Amino acid sequence: MLFCGPWWCAACGTRSDHAADGEVDARDEIGKGGDGIALEYAHVLRWQESLAVSLSYLPRFSGWVRSMLFPTVEYAVFFLAVLAIAWPLAKYVTGRKIFLLLASYVFYGLWSWRYVPLLILVSLFAAVMAQAIQRSGDTQRRKRVLVVGVAGCLLVLAYYKYTSFVLLSAMGLWGLVGRAPVWNLPAPFLPLGISFFVFHAISLLGDVYREKLREDLHLLDALLYVAFFPQLIAGPILRASKFIPQLMRPCDATKIRVNRAFLLILAGLFKKVIVSNTLATRLVQPVFAAPADFHRGDVLLAIYGYAAEIYCDFSGYTDIATGCAMLLGYRFPMNFNAPYTATDPRDFWQRWHISLSTWLRDYFYIPLGGSRKGTASTYANLMITMLLGGLWHGASWTFVVWGGLQGVFLVGHRLWAGSSSAAVLRLRGRVWWPWASRALMFHAVCLGWVFFRSPTFGVAKTVLHQLGSAGWATLASWPVVVTLVIGIFGQYAPRMWRRGVEAMMARLPVGVNGVVLALGVFVIEMLGPTGVAPFIYFQF
């Protein structure tokens, strides 16, 4: 264990060095007219009262995390206060941004104030470098500033996240040829969400350099873009060219889809509190803590359970983050799009953690050459990109193997898709092939999750070995089976159902909607296990 800290959780089994958006359709963006869902500012105020009642039922972390992280009562109170102050400031664009920036620093500081200066310095450094790029008309100077800016951000990430990993790996290699020295070096504590805010800083530099952000960059906008509290801890990874222009415009309360925002928040709470936590506490943690004690049925069920757990955990977080941002008047990109319905690896990465996969594509894969330099180079670029993506998730070789598997899957799919074999073409033409390919893809993803979830290669080996041991599933209680089915097959639910519920809410009085929302949150609290584990991606 490289970074020991308060992130070990008996409920979810996550480690400090080991972890894993709202499904917003392009047609569901804020400001689309004609849907009858936009509310006046007075209605927004009444919805705040409904939200206060509803979120008052949210469970606490029970001592797992000292800070005010959702879903907690503390976060609900914090967000309501921010919402109540931010909207009266709507006509004062600069004042509103200053307030949101200070609120974001308070949000982060309630985890640990000593790392707020780090967040500010990274943001300030990236902003100054980006402004230097934007002001310069010299191509070579722009490139030099970009290199310095990106290198500075990566050095910060490398120091905090990979120092122990590099040293321990070096000592391990040294031990193969001789006796390695024993160094008692303190490992830097991993700041919460450092991978996300560093990637935001790099995105700011990249978008300015590529002139995707054409508006003049102001320091306040850059600082708020990096630190905006709904996405600060676990994403989604916003693009500067998409989010900063939103900060420059006055927010219009009449264009907020309040019903949509509350449905996202409610869906996120359901995914996290009921589905993810139930699977973590009743199935995944017991098996991965002692896989040798279980046989094939329980181990296979736990692997499926972790697939559902990590999806509901992460997409639940981004649902809540997207809903909160929407209530403040800002749009976040879609981050998940029913990933377990994917038919091939490329399709999966167009559906899973979309903001990260597109970031890796634009800032790693394409600069490496993408698919422009021949087949062999394309395959190498895919492998390098996914290996780096695996390492981004955590300083552990199990993450590197997970990333390597994703690269192998992508390369294998390209070989398969490019095959002109008559047998392959006949197989792909079968009526049942799309469903067979979904099943194959899901199990390939599950193989990767074994390494992603396992703290060591020994645990991963034992988990895979126990798949060969005969035995029934002893952990298949009805809450486990029901939440597992919802977590995986719920992704096949038609989107028209969600839009139908949203349209129905729009026809109901605001007070009725508030009562329904409060009842929904209360039911989630009653059905969920005691306490809520930290989100898995908080550690990245």
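User: At what angle do helix 7 and helix 9 pack, and how far apart are their axes?

Analyst: This is a predicted model, where local features need pLDDT of at least 70, side-chain atom pairs count only at pLDDT 80 or more, and totals for chains, interfaces and linings use all residues. Residues are numbered from 1 along each chain as its sequence is written, and side-chain values use heavy atoms, leaving out hydrogens and water. Helices are DSSP runs (H or I, at least four residues), numbered from the N terminus. An axis is a line fitted to C-alpha atoms over the stretch in contact, and angles run from 0 to 180 degrees between N-to-C directions. Here, helix 7 (residues 219-227) and helix 9 (residues 240-248) pack at about 120 degrees, with axes 10 Å apart.

User: Which residues of helix 7 and helix 9 meet?

Analyst: Contact means heavy atoms within 4.5 Å. Asp221, Leu224 and Tyr225 of helix 7 touch Ala240, Phe243, Ile244, Leu247 and Met248 of helix 9.

User: What about helix 10 and helix 21: how do their axes cross?

Analyst: The axes of helix 10 (residues 258-289) and helix 21 (residues 510-527) come within 9 Å, crossing at roughly 10 degrees. That makes the two helices roughly parallel (angles under 35 degrees). Phe262 and Leu266 of helix 10 are among the contact residues, as are Leu517 and Val521 of helix 21.

User: And how many disulfides does the count come to?

Analyst: A disulfide is a covalent bond between two cysteines' sulfur atoms. The rule looks for a pair of cysteine sulfur atoms within 2.5 Å, and the count is zero. Cys312 is buried at 3% relative accessible area (buried means under 20%, with a 1.4 Å probe and protein chains only). Cys251 is buried too, at 14%.

Technical notes
Angles under 35 degrees count as roughly parallel, over 145 as roughly antiparallel, 65 to 115 as roughly perpendicular and the rest as oblique. Buried means under 20% relative accessible area, exposed over 50%, partly exposed in between (1.4 Å probe, protein chains only).
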